[in-house]
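Hello! Please have the structure open as you go.

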Amino acid sequence: MAVIFTIDDDEKILTSLDRQLSRQGYNVSCFNKPEVLFDILKLQQPDLIISDIIFKNSELSGVNILEHLTEHYPDIGCIVISGESDIEKTLKCMKLGALDFIEKPVSIPRLVTSVKNAIALTRMKQSLKDSRSLIGTSSKIVELRNRLIKLAKLSEPVLIIGESGTGKELVAENLHAYSGRYSEKYLKVNCTALNTNLVESELFGHKKGAYTGAITDKKGYFEIADKGTLFVDEIGDFNPDLQAKLLRVIQEKIITRVGETEERKINTRLVFATHQNLETLIEEGKFRNDLFFRIATFKIQVPSLRERLEDIPLLADHFLKLFIAENNLNYMEFSGEAIEKLQNYTYPGNIRELISIVKNAACFCSGDVIKREDIEFQNITDSDFWGRVQDKTLKESKILMETELIKKRLKLYKNSVNHAAESLGILPNNLYRKMKELNIQNIK
C-alpha cells in the first residue's frame with residue numbers, strides 16, 4: 001500500500017484529501033505545517049507528498065518543502081496544489097521537480113490520475129535504484145556487503161580489486177550510496193578511456209591557455225567531485241608522473257590545475273579499481289610502492305561469479321526482469337533445468353557474461369519459459385579446443401584461446417567491436433589493439 005503525506009493549512013481540504021485518497025486504497029497522513037512534516041520525515045518517508053504552496057500559519061512555503069526534499073529525500077515525489085495564483089512560486093516548484101501542479105478547488109478525478117502516475121514514476125525510480133544494488137545471499141557477497149558498509153563510513157581511499165566483469169563499478173556506486181556523501185556528486189573515470197595527452201587536464205583541470213585548445217579555465221574530475229566521490233577505474237594504467245601527483249592529492253588533499261601555480265584544497269573521497277595485480281606492477285617498476293600502500297590500506301575483493309554460483313538464480317531472474325522492463329517484453333521465467341545449466345558453468349566473463357547469456361536467451365525464447373536448450377554459452381568450452389592446446393605452452397595456449405574467443409564474439413555480434421568488447425569486459429580501443437596484435441580481421 002502506497003503511503004501519501006498531505007500538507008495544507010486548511011483542515012477541510014486535508015479531510016477531503018484524506019477521504020478521497022483513502023478510498024483509492026492509499027495510506028494517508030495529514031499535516032498542517034511544513035515544520036511538522038520535516039520532523040515526521042526523519043522517522044518515515046512516504047511514496048508521495050501532496051503539498052499546498054502557501055501556508056498562512058508558517059513562514060515556510062511549498063518551495064521550501066521541495067528544496068528540503070531535493071536535498072534530503074530526492075526519491076520522494078511531490079505534487080503541489082494551490083488556490084492562489086503565485087506564478088513565481090509555482091514556476092519555482094516545477095523547476096525544483098514537482099511532478100504536477102493542481103489548482104484549487106481540486107478536481108478529484110484529476111488528482112487521482114496524477115497520484116497514480118506519480119506513484120508509478122516513484123516506484124519505477126526506486127526499481128532502477130534497486131537494480132544497482134548488490135544481489136546475492138552467498139557467503140562471499142554477504143562478506144563483501146558487510147565490509148562495504150563499514151568502509152562507506154570512512155573518507156579514506158578504497159581499492160576495489162577483482163576480475164573484469166565482476167561488478168567493481170557497482171561496488172564503488174554502493175560505497176558512495178552508503179556513505180555520508182550520498183547527496184553529493186558521484187563521478188567515475190576510466191584511465192584507459194582518457195586521451196593520453198589530456199589525462200592530466202581531465203583529472204586536475206587546466207587554466208585558459210595552458211595548451212593549444214584550452215580556451216577557458218576548466219575544473220578537473222578531482223575538483224568537480226569535491227565533497228562527493230570519485231571512482232577511478234584501472235588505476236594500474238597511471239603513468240609514473242601521474243602516480244606521483246596522485247600521491248600528493250591523497251596525502252595533502254590539494255590539486256593544482258595544469259598551467260597554474262595556485263593550490264586548491266579538495267575534499268573528495270577517492271575509490272580506485274583494477275583487474276591487474278598491482279604487486280606485480282610494483283616488482284616490474286611500473287607502479288609506485290608508496291602509492292600502493294596509500295590506496296590499498298582498505299581493500300575490497302570482488303568475487304568472481306564462479307565463486308558464488310549459488311547466487312545465479314537470483315541474478316539471472318534479476319537481469320531477466322530488467323531486460324523485460326527495458327524492452328517492454330511479455331513475462332518470462334527460467335525453468336528449473338535452465339537454472340541448473342546456468343549454475344554448471346564457470347563464467348570467465350563473470351557478471352557481464354551472465355547478462356549477455358540472459359539477454360540472448362530471453363530474446364530468442366519461444367514462449368514464456370526459458371528452457372535449458374535456450375541457454376547458449378558464448379565462451380570456448382569444447383573438447384576440440386582443449387585437444388589443440390594439449391601440447392602447447394601456456395603462452396601459446398593463451399594466444400589461441402584469445403584468438404578463438406574474440407572471433408566467436410565478433411561473429412556473434414556481427415563484427416560490432418563495441419558490443420563484442422562490452423561482452424568481453426574490455427574497452428573497444430583495447431579490443432582493437434588486441435585484434436591487431438592477433439591479426440584478427442572481420443569475421444564472416
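Predicted model: local features only at pLDDT ≥ 70, side-chain atom pairs only at ≥ 80, totals over all residues.

1. The protein chain holds 19 helices and 16 strands, and its C-alpha trace spans about 85 × 65 × 40 Å along the principal axes.

2. On burial and surface: of the 444 residues in the protein chain, 44% are buried. The accessible surface of the chain is about 23,900 Å², and carbon and sulfur atoms account for 50% of that area.

3. On contacts: take those between residues at least 6 apart in sequence, and 70% of them join residues at least 24 apart.

4. On charge: the protein chain carries 62 positive and 63 negative charges. How far apart are the mean positions of the positive and negative charges? The separation comes to 3 Å.

5. The largest cavity contains about 70 Å³ of space. Its lining brings together Ser 155, Glu 156 and Pro 157 with Val 249, Ile 250 and Lys 253, and also Ile 266, Thr 268 and Leu 270.

6. Is Arg 409 buried or exposed? Arg 409 counts as buried because its relative accessibility is 2%, and the cut-off for buried is under 20%. Arg 409 and Glu 422 lie 13 residues apart in sequence, with their C-alpha atoms 10 Å apart in space.

Note on methods. Residues numbered from 1 in each chain as written. Heavy atoms only, no water. Helix = DSSP H or I, 4+ residues; strand = E, 2+ residues; numbered from the N terminus. Buried < 20%, exposed > 50% of the residue type's maximum accessible area, 1.4 Å probe, protein only. Contact = heavy atoms within 4.5 Å. Areas by Shrake-Rupley, 256 points an atom, 1.4 Å probe, with all protein chains shown as cover. Lys, Arg positive; Asp, Glu negative; His and termini not counted. Charge placed at Lys NZ, Arg CZ, Asp CG, Glu CD. 1 Å grid on protein atoms, 1.4 Å probe; cavity = no way out; pocket = protein on both sides within 12 Å on 5 of 7 lines; lining within 4 Å. Points joined across faces, edges and corners; volume = space filled by probe spheres on them.
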